Amino acid sequence: MIITIICDIPLRNNNGTAIAAVNLINHLKEKGHEVRIVCPDKDKLGLEGYYVVPTYNLLFLNSYVEKNGVVLAKPKKNIIKEAINGSDVVHLLMPLMLSKKAAKIAKEMNIPITASFHCQAENVTNHFFLMNSKKSNDKTYMNFYNKVYSYCDVIHYPTKFIQDIFEKSINKKTNGLVISNGVNKIFTEASKNPLDDGIFRILTIGRYSKEKSQSTLIEAIKKSKYKDKIELTFAGDGPLKDKLIELSNELLIKPHFEFYSRTDLIKVIEKSNLYVHTAEIEIEAISCLEAICGGLVPIIANSNRSATKAFALDENNLFMVNDSSELAAKIDYFYENPKVLKEYEDKYHDFKLKFDQQECMNQMEDMFLNIVKK
C-alpha cells in the first residue's frame, strides 16, 4: 500500500501523539508499505518520503506555542496534493488545519480517509481558560467532526472512553475502531531494580501543563508522613515547568525535572518504587502504561475526563482527582506495606501482553488494508 500520513505537529519525541505517529510510520515501513509523511518538520526537508509544509507565523504568540512543544502547520495545497496523489489511503493525526485541507483534497480525489483521535477538546479549550466549560468543549468536538472526522471512512480511537465522549458530544455514531497505541517491548523488557538507599522514588511522566495536574503530587508529598524519605521525578517538559519547580521548593528532597530519552526513561523506571499519574484529562496515557509495563505499580487520578483510571486494579490504585490528601494517604500505604506493593507488581504483569505495541500496530495495518479493499 501507499499510505500518506498527515502530521499537523512536528514528529518530535516530546508528546504522545508524535511518538504514536513515529511508531506507526516505522511499523508500516518495516512491513514494506510506502509511507509518505506530510509534516512541518524543517529538518526533514529533502528526505525521501517527507513532504514538508511551512508553519504559521503567530508573531507574539510564537513563543507561547513553542513552549507547548508544537508549531502550527500551514496547509499548502500543492504539497499536500503531491503527497496524496496515487495513495491507497490517507491517514490524519490531528483535527487541525493541515488535516482539514488534506481531508478535502483526498475526498475530491476519491481516496479513502482514516484518522486517529489524539486530541481532547480540553487540550484546546485549556488555552482559552475554558477547560471546564462543557458548552465550549462540546462545540470544539463538533468543530472537529465538521472540519475533519466527518470526511473519514474509519476513525481510530485509542480507547473506548474517548469514542464514547466524542460520540456523545456530537450526538452521532461513528465508524470507529478501538486500538491502543501500545507499549514498546523495550519497556516490557525492563528489569526493575530500585536502589537500596532508604529513599522511596516516585515517578510521574507527562507534559507540564494544567490538565496534567502535577502540582497535586507536589502537595501530596508535603502532606506525606514520609516526606523526608520521598524523591520525585517529573519526566517531561512543558509551559508550567518553572511554576512546578517553584511549588516544589519546600520539598525536603529536591525533585528532578527533566525530559528523558526513551533509553534513559527506562533506567528511571527501573530505579523507581512507585508511579503516580495525576492527569485530569487524558485519552490513553501511554506514559502510564509504559511505567506499568516497566514494572511500576500506579496510583491514578480518578477523573471522569480521563481514560487512565481504567488501568487501576482496585481502589488502592486510585485517588480522587486533584485531592492531594487522598493521594498522600495512598502513597503512604504503599510505602508502609512493601509486601503489598510487590503483590501489586505481580498482578500487573499481564499488562505487558495486553498492550504489546507490535500487536496494536498490526491492528492499525489491518484497518488500512480493510478500508482499501472496500
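In what order do the 6 strands of the open sheet lie? The legends below describe close-up views of a predicted model.

**View 1. The open sheet with parallel pairing.** The 6 strands follow the order β10-β9-β8-β11-β12-β13. At the edges are β10 (256-258) and β13 (318-320), each of which pairs on one side only. From one strand to the next, the twist averages 20 degrees. In general, the strands of a sheet pair through backbone hydrogen bonds, in either a parallel or an antiparallel manner.

**View 2. The pairing of β8 with β11.** Strand β8 comprises residues 200-205 and strand β11 residues 274-277; the two pair in the parallel sense over 2 bridges. Leu203 has Tyr275 in β11 as its bridge partner.

**View 3. Helix α9 across the sheet strands.** Residues 215-223 form helix α9, which lies across β8, β9 (230-235), β11 and β13. The angle at which α9 runs to β9 is about 175 degrees.

**View 4. Phe129 in the loop between α5 and α6.** Phe129 is not a glycine, yet its phi is positive, near 60 degrees. Most residues other than glycine have a negative phi. Phe129 counts as exposed because its relative accessibility is 75%, where exposed means over 50%.

**View 5. Asn171 in the loop between α7 and β7.** This loop connects α7 (160-170) with β7 (176-178). Although Asn171 is not a glycine, its phi is positive, at about 60 degrees. With a relative accessibility of 70%, Asn171 counts as exposed.

Methods. Residues numbered from 1 in each chain as written. Predicted model: local features only at pLDDT ≥ 70, side-chain atom pairs only at ≥ 80, totals over all residues. Heavy atoms only, no water. Pairing = 2+ DSSP bridges. Helix = DSSP H or I, 4+ residues; strand = E, 2+ residues; numbered from the N terminus. Axes fitted to C-alpha atoms, helices over the stretch in contact; angles between N-to-C directions. Contact = heavy atoms within 4.5 Å. Buried < 20%, exposed > 50% of the residue type's maximum accessible area, 1.4 Å probe, protein only.
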